[in-house]
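The sequence and structure come first.

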Amino acid sequence: MTITEAPSSAPRADIHIRFMSLGPTEDVYAFTNMIADGLALSSGLINITFNDNFAWKDDRLFNYTAVHEIGHALGLSHSKVEEAIMFPFFEGDIHPIHPDDQAGIHSIYGWKNPRWSKIDSNVASKGVIQISSASGAISTLDGLYQLRSTGQILRYNPAGTWTSVDNNKDTIQITGSNNFLYQRHTDGTIWKLTAGSSTWQQIAPVSSNVLDISAAADQVYMRRKDGWVARYSSSGQTWLTVAQPSAPTSRQLAASDSATLWNLLANGDLVRSEYPYASDGWQVVDSNPSNIAIAVGGEEVYKLQSDGSVVWLDSTECPLHR
């Protein structure tokens, strides 16, 4: 991507920077608005407007604000990470460009030289999860977590360190979404940590029938050995069953932010059920014996096939899409 200054003779620039009076207030430093007839930036006019009523005495603040607004002009929305330049509120600290800012811009324009950065190296690590609030609101539990074989749960800090969240030798799985972090123990019990709390709440009793758990939005689900799927009722230790085809059994369970439940069966069938999960609500979306795994993020659905292919479900072509 190359940004060049448009000549004065140009009919209009893709990005137009201006100063204008926004009234006698210091609450708004600047804003970006887009007037476009399409999705491509080149199809419309993007205005970055700085408040001419604000006393720009600090060049660092002006530069910081300019980078934030240019981020919007390039397609970035606000970040949930307080240390990111794209965080919606300025709280007095000038931060450098954060990895979250970089990840956002790379997700739009790609990488010139794609690379991976090592953030941990521990043979005891057995799994990682990312928690992001589906509603767009910032949660204190948002972030990257790892589970180690010792049962310890750690959270990654922007400074590059890991902080212990819990350490229980019986913990064998973690999952989470929105304001909740969950852990499953060897005895089948499931525990929930709510944002803002330091106390784990037991939400499922001892059971030998639990295979695994998955979470999305404000829901958490249990895949059971008897072929049924259960959803937490949000009360006590009560779970509500969701009908599961008696045969073949489930191979993997995942859920979308809209609480649509996706179930990969042992024969390769991919079925789904929409909330409130009627007893006959499983519908076949795909039937392919080569399907071996699925991944769901937001409303996007992907499947991994035995030949190594990763396939995205185009919801515009899916007859079950609403």
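Ser139 counts as buried because its relative accessibility is 5%, where buried means under 20% relative accessible area, exposed over 50% and partly exposed in between (1.4 Å probe, protein chains only). The model is predicted: local features need pLDDT of at least 70, side-chain atom pairs count only at pLDDT 80 or more, and totals for chains, interfaces and linings use all residues. Residues are numbered from 1 along each chain as its sequence is written, and side-chain values use heavy atoms, with hydrogens and water left out.

**Around Ser139**
- Ser139 sits in the loop between strand S4 (125–131) and strand S5 (143–148); strands are DSSP runs (E, at least two residues), numbered from the N terminus.
- Asn178 is 39 residues from Ser139 in sequence, with 6.9 Å between their C-alpha atoms.

**Salt bridges**
- The count is six salt bridges, each a side-chain nitrogen of Lys or Arg within 4 Å of a carboxyl oxygen of Asp or Glu.
- Asp212 pairs with Arg223 in a salt bridge, the closest N and O atoms being 2.8 Å apart.
- This pair links distant parts of the chain, with Asp212 in strand S12 and Arg223 in strand S13, 11 residues apart.
- Arg223 is buried, at 9% relative accessibility.
- Arg224 forms a salt bridge with Asp226, with 2.9 Å between the closest N and O atoms; Asp226 is partly exposed at 40%.
- In the salt bridge of Asp170 with Lys169, the closest N and O atoms are 3.4 Å apart.
- Lys169 is exposed at 68% relative accessibility, whereas Asp170 is partly exposed at 27%.

Technical notes
Helix = DSSP H or I, 4+ residues; strand = E, 2+ residues; numbered from the N terminus.
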